[in-house]
Amino acid sequence: MSATDKEMANAIRALSMDAVQAANSGHPGMPMGMADVATVLWTRFLKYDAGNPNWFDRDRLVLSAGHCSMLQYSLLYLAGFPGITLDDIKNFRQVGSITAGHPEYDHIPGIEMTTGPLGQGITSAVGMAIAERMINARHGDDICNHFTYAIHGDGCLMEGISHEAIDMAGRMKLNKLIFLWDDNDITIDGDVGMSSTCDQLKRFEACGWDAVRVDGHDPEAVAKAIEAAQKTDTPSMIACKTEIGHGSPNKANTAGAHGAPLGPDEILLTRKALGWDYGDFEIPDNIKSAWEDAGKSGAADSKAWEGRASKLSAAEMSALGDPINADVMKDIKAAVLSLKKEMSAEKPGLATRQSNAKVLEALVPIVPGIVGGSADLTGSNGCITSQYKAVTPEDFDGNYIHYGVREFGMAAMMNGMALHGGIVPYSGTFLVFADYSRGAIRLGALMEQRVIHVMTHDSIGVGEDGPTHQPVETVPGLRAIHNLNVFRPCDTVETAECWEIALESAKTPSVMSMTRQGLATLRVDHTDENLCAKGAYVLRDVDGDRDVTLLATGSEVEIIVEAAEALAKEGIKAAVVSMPCWEIFAAQDHKYRHSVLGDAPRVGCEAALRFGWDRWLGDHGGFVGMEGFGASGPGAELYEHFGITAKNVAERAKKLIAAKA
């Protein structure tokens, strides 16, 4: 016996309210409200194959409202996706369970990204849709021609990042992008009208979207809207008018259904109201079979795609997943090696943002799928190369995206591109604006995505723009994010080495902290070895035992070199340590770290706050850096003004040596 749309949707409702009740934690309201919409999408439109969940040309579905996780878990279980069982549903939100409170990427096949921080899901979906169009431009419809869907609620649209996403998607005319809005008029505090009176349909239309409103509990109306959305030449938003907690006699259409279990008594009443005469977690065979049939419906598409994809070369096929395979990495290393030799010989005095441009000039032609961009700072960030070709609505076969002044959106879109596959994204902005994009940087680290954030103008060296643009606390703050490599190279040679590491780090995003001001080339003696690969190294050693060790990152390395030379004239032996990436250095064994840091007193120097430095300096180490915000004035004068000078480093070193004696 087959199952009706209503019965299949009620299976979602039942599993969701039972799982939340068993966990005594969670959000039953949205899964119950969006069950009808999800059933229509998954049984009539979504291109997927539960038996081959990761095939490249599947439709992408992002649950941007991550608190609605039981909707996604129910669908994956019912449709027969591998790796999720009824026991996992029963174990919702428990320690060690794959059914976490919010969906987590790579826990279960079919979860396209980690969601929960509202607004980021829809924004990363825009990135996925851009990636789909870019790869379509390279390979055609036979290889890449799918839709990207995002399910979201009011909260996603209230978050400021939503406008960055909506505006960008409209500008790019992403006609393969469809948003499904759970338009239920309820937030945690109560009625949406308490905090927002925005006409969302007009908002989307103003940004170049097709936007309609339908009854979210009318399967035919939903189907008609999705069918129309698939035929537009713009992105589409379907406002699905729903009732939160649909089916619950006493909690439907109230904030009480949003983020708490319905309670045993209300669940019994809800079962009766829905006509669901089954026990806890019980799904009748005919309904489960109907869902599993839906899960198999895309198998023919999946197999046909594999046939078409078999005509691609091995390199092309590999690049659809991770564009950087062993052969590409070999080319990257060779290009970096060649550039290092050239820069060590030429000894240019470049700002590291200019060094960044030199490195990219060598790498962009040899890294398939690498796509750059900037948040309206193309001329400042050093992210553009002579191979520049803009990605536009008329031509997606480019390698550079003009994101506009949308730092948060840019970072989240890059996460989406990386998640989609086939793209290696990087982009630039000023380091001080990393705080705008921090949420997306953190989420990329949590999802283990190779995304490269070029952050320039990284200190008081910015100069006249003043303290609003001088990020004294930003690098320390970024270093606090787990699984994020924060690179601060001191010259072009180190910049090249840091890029090599970033591209090789398939499961770690990177921040490239780059200067505005010119810096001397310090790595004048070429080495084939990537010295930055261990995070820190002795740039200049001494004969015999050290009297002091001087440590710095980025633009301040040349300051400690000068200090070491001054100390040498006084007979003081100062070793110089460059620390381009603390995270990588911290991962080295004790023996290596000790060989770099030594036993002598240590002085650190960085044009930032001291936060974090004591780990490397020890209890009695000295530090020359910032103690507060910066100021407006020429950069070189500000270094003198704030005392970040070779003279002060040398004086601090001598005081430590004297104290030790």
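## Exposure and asparagine 24

A residue counts as exposed when its relative accessible area is over 50%, and as buried when that area is under 20%. What falls in between is called partly exposed. Asparagine 24 has a relative accessible area of 56%, so it is exposed. The model behind this value is predicted.

Asparagine 24 sits in a loop, with α1 (5–23) on one side and α2 (29–45) on the other. Its phi is positive, about 55°, although the residue is not a glycine.

## Aspartate 185

Aspartate 185 also has a positive phi without being a glycine; the value is about 65°. The loop that holds aspartate 185 runs between β3 and β4 (186–187). Is this residue buried, partly exposed or exposed? Its relative accessible area is 32%, so aspartate 185 is partly exposed.

Strand β2 covers residues 148–152. Five of its five residues are buried, so the rest of the structure largely encloses the strand. In a regular strand, side chains alternate between the two faces of the sheet. In β2, Thr148, Ala150 and His152 point one way. Tyr149 and Ile151 point the other way. Residues on both sides are buried.

Which strands pair with β2? One is β1 (residues 60–63), joined to β2 in the parallel sense over four bridges. Leucine 63 has isoleucine 151 of β2 as its bridge partner. Another is β3 (residues 177–183), also parallel to β2, over five bridges. Here histidine 152 is bridged to tryptophan 181 of β3.

## The whole chain

The secondary structure of the protein chain consists of 26 helices and 18 strands. The C-alpha atoms fill a box of roughly 90 × 55 × 45 Å along the principal axes. The radius of gyration is 28 Å. A compact globule of 661 residues would have one near 26 Å, so the chain agrees with that expectation.

Buried residues account for 62% of the 661. Contacts were also sorted by sequence separation. Of those between residues at least 6 apart, 78% join residues at least 24 apart.

## Surface and charge

The protein chain exposes about 24500 Å². Carbon and sulfur atoms supply 49% of that area.

Terms used:
Residues numbered from 1 in each chain as written. Predicted model: local features only at pLDDT ≥ 70, side-chain atom pairs only at ≥ 80, totals over all residues. Heavy atoms only, no water. Helix = DSSP H or I, 4+ residues; strand = E, 2+ residues; numbered from the N terminus. Rg over C-alpha atoms; globule rule 2.2 N^0.38 Å. Buried < 20%, exposed > 50% of the residue type's maximum accessible area, 1.4 Å probe, protein only. Contact = heavy atoms within 4.5 Å. Areas by Shrake-Rupley, 256 points an atom, 1.4 Å probe, with all protein chains shown as cover. Pairing = 2+ DSSP bridges.
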